[in-house]
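Reader: Please take me through the charges of this chain first. Then look closely at its backbone.

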Amino acid sequence: MHSPRLRPGLLGFGIIALSLVCSFGCGRSSSAVDPGLRSFSSDRLLAHIKTLSSDEFEGRGPGTKGEQLTIKYVEDQFRSQGLEPGNPDGTYLQNVPLVGITPDAKMKFALSGHGRTLGPKFQDEFVAWSKRVVDTSRIDADMIFVGYGVQAPEFNWDDFKGTDVKGKVLVVLINDPPVPDASDPAKLDPKTFGGTAMTYYGRWTYKFEKAAQLGAAGCVIIHQTDRAGYPWEVVRDSWSGIQFDLAAPDKNMGRLAVESWITSAFATKLFQTAGLDLDKLIAAAARRDFKPVPLGMHAKLEIHNSLQMIESHNVIAKLTGSDPQLKNTHVVYTAHWDHFGIGPEVNGDKIYHGAVDNASGTAALLEVARAYKQLGTPPRRTILLLSVTAEEQGLLGSQFYVEHPLYPLARTVAEINMDGMNVHGRTRDIVEIGRGASTLDEIIEAAARDQGRVVKPDAEPEKGFYYRSDHFEFAKKGVPAFDPNGGIDFIGKPEGYGLETRRKYTAEYYHKPSDTIKPDWDLSGAVEDCQLYFQVGFRIASDARMPEWRPGAEFKAIRDNSLRSSGSEP
Ligand SMILES: [Zn+2]
């Protein structure tokens, strides 16, 4: 699971229009799938996790000896299970070039105008970096406040109103515009930007992407603890050291010259210097008629980078489908193999074992792969098993895959992601993050019903889980994606046990060296979850109908365009 600080946000689906789809196998014998279902073993899951999270694997850091051991292990497993190489070049590997960029902490930010110059303190009042793969990157440009920096035609919303922001430094608010409900102004309008939930427009990545797309030189996000969902320290720590990114052939020159956050206290000072009232402007930015406001301030900043090139890898296997036509379409399973490698020592351990995160998901991927090979006949569509790198660094392996897909995304019918398996026993429920967005809902529900279980929506929607793992990169490109989470209603355990174990994991083990195998682990629930993911993928791969986003879902337009431009009408 990727750190929440780097992937804030929530899905804003306001629609749940249920139309019951009876997918393949409905009312019929499901014996074809039984050999696969029966094949899952908690002992094998545990054995994989033991190996992957061992000291020898050194925390599976991209570009390290740990990577070499891990990708060899995953590839060897795929091969010995009899799965085909997933890369059309005949190998099980996809090269993923990464770059590590460390900005010089001695940078000086100078903001001048109205007869004054402000020099905010690095880390205390601002952070800044450049994702351009260059030694030096600089801005020297006028600043303009653009509200939430959003262009959302489906909500009839455009913060820019035709203002030319080329070469400028945009100052922007985090989150999406909080638009009051016309019938009850005390509440947020659920039809605009998802009401209380955050849409993609609210994410910091969107702000920088939009600014770059409009030709801006730089973008400065104003941090607000309540709107961001995390304190300044999280922003500061996330952006102060080495940052990894994909090493694109254009050296990321399409990105902004400078990306930055400032504290809300410094923002208040900046706007005061500009003779503006930040609170009034924040209120104005929540309205459709907002127009950008030049600050009359000039921003100057030069960043010196030290660069480190890293060659990392995704591992991919496939099982070719049995239908002459449908085999050219794909169901993809993903699980990230990487974790943080060797890092700062905590309680005498400096290996970040990542037993749950994500040795367990990788083990599940290997078990799902094995299960497909137990079937007498493969399902009609082709199954891809994708073990991605650098998830912990910002979903980079999956981003690279969707930007360089080995099979067309328009013919990738669904994606199922496994990140952190349940290690505490069987549950009566399974959690589907982003529930309500696509017709995957019914397929998941049917598979859960067969197990005597129920599907629940995210119990902690404010944490934005949907944006925090690899399925999101697929969703962002329009592929309907299933982001499951273990259940919380445990069989034979007291009420509240599920949320309590989750809380304990987050507080004590999450992204720490202590994420190791514990003596009280019980993988019977993980086996059931694997069976469910297998069953869901099998049903999708056996049905001629493709899962689709529901009207109004945030990635539907992207999918429709993708299908249209590939010649298959949505
Ligand atoms: Zn993680």
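Author: The chain carries 65 positive and 73 negative side chains. Lys and Arg count as positive, Asp and Glu as negative; His and the chain ends are left out. The centres of the two sets lie 2 Å apart, with each charge placed at NZ of Lys, CZ of Arg, CG of Asp or CD of Glu. This is a predicted model: local features need pLDDT of at least 70, side-chain atom pairs need 80 or more, and totals for chains, interfaces and linings use all residues. Numbering starts from 1 along each chain as its sequence is written, and side-chain values use heavy atoms, without hydrogens or water.

Now the backbone. The peptide bond from Asp357 to Asn358 is cis, with omega near 0 degrees. Asn358 sits in helix α9, residues 355-373. Helices (H or I, at least four residues) and strands (E, at least two) are DSSP runs numbered from the N terminus.

Glu58 has a positive phi, near 50 degrees, and is not a glycine. Its place is the loop between α2 (42-52) and α3 (65-81). Glu58 is partly exposed, at 22% relative accessibility. Buried means under 20% relative accessible area, exposed over 50%, partly exposed in between (1.4 Å probe, protein chains only).

Asn347 is another residue other than glycine with positive phi, near 50 degrees. Asn347 falls in the loop between β17 (342-346) and β18 (349-351). Asn347 is exposed, at 81% relative accessible area. Across the chain, buried residues make up 59% of the 570.
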